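I opened the notebook to look up a few strands, a helix and some backbone angles. My notes follow the structure.

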Amino acid sequence: MAFDLTEAFLTDTPVTVHQEMLAEAYQRSLRSPDPNTKVGAILARSDLTRRRTHELGSGHNCLPTGVKHTHERWHDRETKLRLVVHAEVAAVMDAAIGGRRTRDSIIYVSQTDPTGVFWGSPPCVRCAVHLIQAGVRAVITWPPREGVVSKWAADHEEARLLLQEAHVFLHVVPRP
Ligand SMILES: [Zn+2]
């Protein structure tokens with residue numbers, strides 16, 4: 001079962017492999033025009049025999065391609081929430097555009113603030129339902145930000161339960 005393969009991959013793969021992929025997700029997050037939280041995601045396929053991963057797609061939180069970047073769209077919270085494509089979904093779309101299979105994939109997610117401080121978290125509920133539906137088997141991220149209560153805390157908790165219910169692993173990797 002793919003479920004078991006993913007669990008083996010997560011535990012058997014050297015932590016540095018996960019850290020390198022998360023560093024790539026961090027680099028990707030820096031491309032986000034979001035003035036607050038920038039998120040980067042790398043969708044990957046695991047290669048159990050060689051204990052490494054292949055990138056399938058990547059994304060950052062952005063407006064849809066071709067949609068104009070206006071001050072209001074990025075600075076009015078309600079407008080932004082309605083229009084923004086989250087990094088996780090953007091990475092799945094990127095794989096789809098390139099014709100790469102998302103079933104049994106894993107996704108690396110890194111969040112960054114404008115000063116470059118990075119941390120991890122579960123995806124939001126909207127991303128979680130789409131990741132589950134795309135056949136993603138694991139979400140891999142950094143530890144959460146210490147001492148900061150996110151506005152998204154309740155949403156993240158609901159997402160965590162949904163991922164668990166759908167047998168998608170949430171795997172936290174220590175910072176290098
Ligand atoms: Zn999201």
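I count two strands as paired if DSSP finds at least two bridges between them. The model is predicted.

Entry: strand S1. I looked up strand S1, residues 38-47. I found 8 of its 10 residues buried, so S1 is largely enclosed by the rest of the structure. I then checked its partners. S1 pairs with strand S2 (residues 52-60) in the antiparallel sense, over 8 bridges. In that pairing I noted Ala-41, whose bridge partner in S2 is Gly-59. S1 also runs antiparallel to S3, with 7 bridges joining them. There I found Lys-38 opposite Thr-112 of S3.

Entry: helix H6. Which residues are buried in helix H6? I found Cys-127, Ala-128 and Leu-131, within a helix that spans residues 125-133. I looked down the axis of H6: the buried residues fall within an arc of 100°, so they line one face of the helix. Their cover includes helix H5 (87-97), strand S3 (105-112), strand S5 (136-141) and helix H7 (153-165). Just after H6, I noted that Gly-135 has a positive phi of about 85°.

Entry: phi angles. Most residues other than glycine have a negative phi. I noted two with a positive value. Asp-104 has phi near 60° and sits in the loop between H5 and S3. I counted 15 other C-beta atoms within 10 Å of Asp-104, so it is partly exposed. His-167 also has a positive phi, of about 60°. I placed His-167 in the loop between H7 and strand S6 (169-172). His-167 has 14 C-beta neighbours inside 10 Å, so it counts as partly exposed.

Methods: Residues numbered from 1 in each chain as written. Predicted model: local features only at pLDDT ≥ 70, side-chain atom pairs only at ≥ 80, totals over all residues. Buried ≥ 20, exposed ≤ 12 C-beta atoms within 10 Å, placed from the backbone. Helix = DSSP H or I, 4+ residues; strand = E, 2+ residues; numbered from the N terminus. Arc of directions from axis to C-beta. Contact = placed C-beta atoms within 7 Å.
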